[in-house]
Amino acid sequence: DNMPAPAPFVAPAPAPFVAPAPTVPAAPPKRWIVLDDNSRFEIDQDLLVGRDPDKSNAMKLGLRPIRINDITGEMSRSHMEVRVFNGEVVITDRNSANGSQVREQGQRGWTKLAPWSSVKWRPGMSVQIGGRILRLELTVARPPQLRPRVDVQHAGPRQLHGGSVYA
């Protein structure tokens, strides 16, 4: 078994800088309602949130019903609308029996929404409907890859044939 020793690995020189190709506009962030038990619903269209929103006129209004269990019995069947206007999430209390409260991040007290009034729902802001607390979370989508990804070896000593790898 007289095989020659493998040649040492030599990292290629770094590629010259090339201006990036024009990019596709980034996809808007995904918006999520996150409940106090960490379950979540994507705000992929306008929503009607409540303990039994399927029995409402949500579908006629173009709202997707989101059913949330509430053991306190304080949540209305059709409690709150969640809509997106000009990239901002807006919530509206639908004249619910026990109302909707909002609390800014870092605040202690709750502010009750007037029936049929709307407020901007910002990330980190909590909303209480019935006995449940909801918050808004955004996740940014990764931009689409325009061309195949090429892995470039990093410069620096490496041992490829057995032994440890040093980067």
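I counted a contact when heavy atoms lie within 4.5 Å. With that in hand, I found that residues 24 or more positions apart account for 49% of the protein's contacts with a separation of 6 or more.

A note on the source: I am working with a predicted model, where local features need pLDDT of at least 70, side-chain atom pairs count only at pLDDT 80 or more, and totals for chains, interfaces and linings use all residues. Residues are numbered from 1 along each chain as its sequence is written, and side-chain values use heavy atoms, with hydrogens and water left out.

Next I checked secondary structure, taking helices (H or I, at least four residues) and strands (E, at least two) as DSSP runs numbered from the N terminus. I found zero helices and 11 strands.

Then I turned to pairing, where two strands pair if DSSP finds at least two bridges between them. I traced an open sheet of five strands in the order β4-β3-β5-β6-β9, with mixed pairing.

I saw Met80 standing opposite Asp93 in β6.

Last, I looked at burial (under 20% relative accessible area, 1.4 Å probe, protein chains only). Of the 167 residues in the protein, 28% are buried.

Definitions and conventions
Buried means under 20% relative accessible area, exposed over 50%, partly exposed in between (1.4 Å probe, protein chains only).
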